[in-house]
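Me: I have a sequence and a 3D model to read. Please walk me through them, one feature at a time.

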Amino acid sequence: MDYALAFLRAILPEHGYYAAWTNLGARSYNRFFATIEELAAHIAREDEAGKTVYHACSTFVTAHSRKQENVWGARSLWLDVDAGKHDS
């Protein structure tokens, strides 16, 4: 977990609530944490249990919503790039 914790510390802001989203197929849930250490521990537990879990790329003002109006800040500029074979 040391590498994961270092990674999260490098990419997430130092303030706000940290969020993780666990995908269980038809059912999913968010969890919020006051520290990056708590977030990393939660991610490790979910992964160990065989669950698919993602961290939010921003931090949040309150621990109630991952919606845009609740975003406190982001430390990185995120880009989703899809690559693959293109049939023409």
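**Reading the model**

Reply: Buried means under 20% relative accessible area, exposed means over 50%, and partly exposed is in between (1.4 Å probe, protein chains only). This is a predicted model, where local features need pLDDT of at least 70, side-chain atom pairs count only at pLDDT 80 or more, and totals for chains, interfaces and linings use all residues. Residues are numbered from 1 along each chain as its sequence is written, and side-chain values use heavy atoms, with hydrogens and water left out.

Me: Where does F60 lie, and what is it in contact with?

Reply: Helices (H or I, at least four residues) and strands (E, at least two) are DSSP runs, numbered from the N terminus. F60 lies in strand 4, residues 58-60. Contact means heavy atoms within 4.5 Å. Setting aside neighbours within four places in sequence, F60 is in contact with G16, Y17, A19, F32, S65, R66, K67, N70, V71 and W72. The C-alpha atoms of F60 and G84 are separated by 34 Å, and these residues are 24 apart along the chain.

Me: Is S58 buried or exposed?

Reply: S58 is buried, at a relative accessible area of 17%. S58 also lies in strand 4. Not counting residues up to four places away in sequence, S58 touches L12, V71, G73 and A74.

Me: What pattern does the protein chain follow along the sequence?

Reply: The pattern is α-β-β-α-β-β-β. That comes to two helices and five strands. Buried residues make up 30% of the 88 residues. Take contacts between residues at least 6 apart in sequence: 54% of them join residues at least 24 apart.

Me: How are two packed helices described?

Reply: By the angle between their axes and the distance between the axes. Axes are lines fitted to C-alpha atoms, for helices over the stretch in contact, and angles run from 0 to 180 degrees between N-to-C directions. Here helix 1 (residues 2-11) and helix 2 (residues 36-48) pack at about 135 degrees, with axes 10 Å apart. That makes helix 1 oblique to helix 2. Under 35 degrees counts as roughly parallel, over 145 as roughly antiparallel, 65 to 115 as roughly perpendicular, and the rest as oblique.

Me: Which residues meet between helix 1 and helix 2?

Reply: L5, L8 and R9 in helix 1 meet I36, E37, L39, A40 and I43 in helix 2.
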